[in-house]
Structure formats: structure tokens, C-alpha cells
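Thanks for coming. I will take a few minutes to walk through one model. Please look at the sequence and the structure first.

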Amino acid sequence: MTAQLPLALRLREGFDLDSYAGPPGLAEAVKALVAGEWGQVYLHGASGTGRTHLLTAAVRLAEGLGQSACLLPGEEMAHLTPDVLEAFEQFDLVAVDNVDALAGLPDWEEALFHLYNRCREAQGRLLFAALAPPAAAGFALPDLASRLGAGPVYRLTVPDDAALAALLQRRARHRGLVLGEEVAAYVVQRGERTPAALMQLLEALDEHALARQRRLTIPFVKEVLGW
């Protein structure tokens with residue numbers, strides 16, 4: 001098991017269910033999976049829809065409850081040999097991000113198929129994320145595609161500006177910052193409209209506000225971020 005552990009991704013800071021900007025139903029689906037109400041969940045959506053965020057949040061939630069969990073990167077695994085998947089069924093929750101990066105690779109598809117079966121036999125739970133639903137993700141092994149879609153399948157969409165602004169304000173409060181609605185809306189309008197990018201901007205604003213003892217106003221945001 002020791003040889004495989006470095007494969008698991010380090011969890012990104014700030015990626016938890018409280019900072020998720022998408023529909024509440026998806027956060028509830030993750031909670032249901034971690035609680036053992038479901039054996040698997042498959043998420044799909046374009047870049048920026050929060051796929052990695054939800055997988056990270058699921059692993060973090062599971063670990064917080066005393067479960068063993070890991071997040072595996074499909075795009076990185078594609079450059080390795082499939083035997084790296086051996087023994088991951090020992091985890092209570094296995095989350096595979098960008099699982100479609102393994103589609104069309106026969107050895108990898110077979111290894112993923114066997115990992116799926118071992119995890120389910122061990123009563124483990126599985127969480128997958130990809131650009132497209134299982135039937136359209138490019139998997140050549142029919143049995144694998146059918147198993148990936150055997151549980152709940154959710155389509156993710158990009159959060160709208162109002163949801164992103166609300167997320168910014170929520171995370172600012174967690175940091176002890178006061179971020180007004182007008183300022184939050186301004187940051188969303190001028191910044192990259194993804195939760196991850198906005199969290200980076202908030203971190204920069206927090207650092208400068210603390211160092212200079214300044215409030216978060218639009219002029220201050222312009223000054224710090226060069227807008």
C-alpha cells in the first residue's frame with residue numbers, strides 16, 4: 001500500500017462543502033455518499049463546474065468522520081502503469097477525478113473495472129468525476145461504462161454570478177473579513193468566474209487587508225489586484 005499512497009492527490013485548501021457554490025442538492029448527494037446511503041456517485045460537467053471541488057470536499061468530509069479516503073487523479077494515472085490501483089479497495093471512499101482520462105486505454109479500463117468490483121465487494125464507496133456522462137465518456141469496455149453509471153449520475157453547471165458572490169461573502173466571513181455585496185459582485189465581474197480562482201483572489205485581498213489594516217472596498221480591490 002505504501003507504494004500507491006503518493007499517487008493520491010493532496011487536498012486543496014478551501015475545497016469543502018461550505019465553499020461549494022453549486023446547487024445545494026449536489027452537496028447533499030456528497031453527504032449521502034459519505035454517510036453510506038449510496039455506494040457510488042458519478043459527477044460530470046465542463047471545467048469550472050466544481051467537479052474537483054466536490055471530490056475534494058467528499059474526501060475531506062469522510063476523513064473528518066474518521067473514514068479512510070483518497071482522491072486519485074485520472075490524468076496523472078494515465079501516464080503510469082495500471083498496477084498502481086492495487087490495494088485501493090482498502091479505503092472506505094475512493095474518489096477518481098477526471099476518470100475519463102483513462103477512457104480508450106484498454107489496460108487502464110480493465111484495471112479500473114477490477115478496482116470497482118473490489119471496492120464494491122469490500123463495501124467501499126466510489127465517487128467519479130468526468131467531462132461527460134458514463135455512456136458518452138469514451139469508455140470502450142461496456143461493463144465498465146455500465147458500472148460507472150450504476151449509481152446516481154449528476155450533471156454540474158457553472159455557478160451564476162449571484163452564487164459566486166454569495167460564496168465570496170461566505171468565505172470572507174470565515175476569514176473574519178467584511179465583504180459587502182457591491183464589492184463581492186465587483187470581484188466576481190472582474191475576476192475569473194470559477195470558485196477556485198475567486199478563492200485565490202480573496203486570499204490575496206485578505207493578506208493585503210491584514211498587512212495594511214484596510215477594509216475591503218472597491219478602490220482597495222482595484223489597488224491590490226491591479227484592476
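First, the basis. This is a predicted model, in which local features need pLDDT of at least 70 and side-chain atom pairs count only at pLDDT 80 or more, while totals for chains, interfaces and linings use all residues. Residues are numbered from 1 along each chain as its sequence is written, and side-chain values use heavy atoms, with hydrogens and water left out.

Now the sheet. Helices (H or I, at least four residues) and strands (E, at least two) are DSSP runs, numbered from the N terminus. Two strands pair if DSSP finds at least two bridges between them. The sheet here is open, with 5 strands in the order β2-β3-β4-β1-β5 and parallel pairing. β2 and β5 are the edge strands, each pairing on one side only. From one strand to the next, the twist averages 15°; axes are lines fitted to C-alpha atoms, for helices over the stretch in contact, and angles run from 0 to 180 degrees between N-to-C directions. Helix α2 packs on the sheet and touches β1, β2, β3 and β4, where contact means heavy atoms within 4.5 Å. The direction of α2 makes about 165° with that of β3.

Buried means under 20% relative accessible area, exposed over 50%, and partly exposed in between, with a 1.4 Å probe and protein chains only. In a regular strand, side chains alternate between the two faces of the sheet. In β2, Ala-69, Leu-71 and Pro-73 are buried on one side, and Cys-70 and Leu-72 on the other. The strand is joined to β3, residues 93-97, by 5 bridges. Ala-69 stands opposite Leu-93, and Leu-72 has Val-96 as its bridge partner.

Next, helix α1, residues 24-34. Its buried residues include Leu-26, Val-30 and Leu-33. Among the elements covering them are β1, α2 and β5. Just after α1, Gly-36 takes a positive phi of about 90°.

Finally, two residues. Trp-108 is in helix α4, residues 106-121, and counts as buried at 4% relative accessibility. Leaving out residues up to four places away in sequence, Trp-108 touches several others, including Met-77, Pro-82 and Leu-102. Gln-169 lies in helix α6, residues 161-174, and counts as buried at 18%. Beyond its neighbours within four places in sequence, Gln-169 contacts Leu-179, Gly-180, Glu-181 and Ala-184.
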